Amino acid sequence: MSDQMYNEIVMDHFQNPRNMGRIEDAEMLIQVGDPGCGDSVLIFMKIDNDVLVDVKYKIYGCGAAIATSSMGSVMAKGKTLDELLEFRAEDISKALGGLPPEKEHCSNLIASALHAGVIEYRANREDPDKEPLPER
Ligand code: FES
Ligand code: FES
């Protein structure tokens, strides 16, 4: 895959991904994978008062998956949980100045991880006795 296919913003986020890493005391961690390509992301969400105060991730994926996770994490930080549920993969690729058509779907990875994290977090709060998620 040649680097030429990505614009400068995408290349910047791919080469210098923001917010990569882990959060030891995260309220929620959740892994989402794409069975199509085998790529996956594990995100750590620090949630306070229904606001995503910090987010980090570990990713196994293509360049576009890394760039979209980086941009997605930047955009998601500071959002309320309700806002996160409205957050779309298209918003991420738009903020990156667009992705090649065959790479558009890569932004789904971080977007669906954030959605799943919010849903799981809320479910856990409704049922606090539920077993915590095993670390994966
Ligand atoms: Fe699924 Fe690229 S093929 S994320
Ligand atoms: Fe798998 Fe991009 S090809 S996330």
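Tutor: A term to begin with: a residue is buried if 20 or more other C-beta atoms lie within 10 Å of its own, exposed if 12 or fewer, and partly exposed in between, with C-beta atoms placed from the backbone. This is a predicted model, in which local features need pLDDT of at least 70 and side-chain atom pairs count only at pLDDT 80 or more, while totals for chains, interfaces and linings use all residues. Residues are numbered from 1 along each chain as its sequence is written, and chains are lettered from A and ligands numbered from 1 in the order in which they are written.

Student: What percentage of the residues count as buried?
Tutor: Of the 136 residues in the protein chain, 33% do.

Student: And how many helices and strands are there?
Tutor: The protein chain has five helices and three strands. Helices (H or I, at least four residues) and strands (E, at least two) are DSSP runs, numbered from the N terminus. The order from the N terminus is α-β-β-β-α-α-α-α.

Student: How do S1 and S2 run?
Tutor: Strand S1 (residues 28–33) and strand S2 (residues 40–48) are antiparallel, joined by six bridges. Two strands pair if DSSP finds at least two bridges between them. Met-28 is opposite Met-45 in S2. The hairpin has six residues between these strands, and Gly-38 there takes a positive phi near 85°.

Student: Which residues have the most contacts inside the largest nonpolar core?
Tutor: Ile-43 and Leu-114, in a core of 33 residues. A nonpolar core is a set of buried Ala, Val, Leu, Ile, Met, Phe, Trp, Tyr and Cys residues joined through C-beta atoms within 7 Å. Among the elements that each supply at least two residues of this core are helix H1 (8–15), strand S3 (51–60) and helix H4 (89–95).

Student: What does Ile-43 touch?
Tutor: Leaving out residues up to four places away in sequence, Ile-43 touches Leu-29, Ile-30, Val-55, Tyr-57, Ala-113, Leu-114 and Gly-117. Two residues are in contact if their C-beta atoms, placed from the backbone, lie within 7 Å.

Student: Now H2. Why is H2 called largely enclosed?
Tutor: Because eleven of the 14 residues of H2 are buried, H2 is largely enclosed by the rest of the structure. The cover over those buried residues includes H1, S2, S3, helix H3 (81–86), H4 and H5. After H2 comes Gly-78, with a positive phi near 95°.

Student: And H5, which residues are buried there?
Tutor: In H5 they are Asn-108, Leu-109, Ile-110, Ala-111, Ala-113, Leu-114, Gly-117 and Val-118. The buried residues of H5 pack against S1, S2, H2, H3 and H4.

Student: Different topic. Where is Asn-19?
Tutor: Asn-19 is in the loop between H1 and S1. Its phi is near 65°, a positive value in a residue other than glycine. Most residues other than glycine have a negative phi.

Student: What about the phi of Asp-50?
Tutor: Asp-50 is not a glycine either, and has a positive phi of about 65°. Asp-50 lies in the loop between S2 and S3. With 14 other C-beta atoms within 10 Å, Asp-50 is partly exposed.
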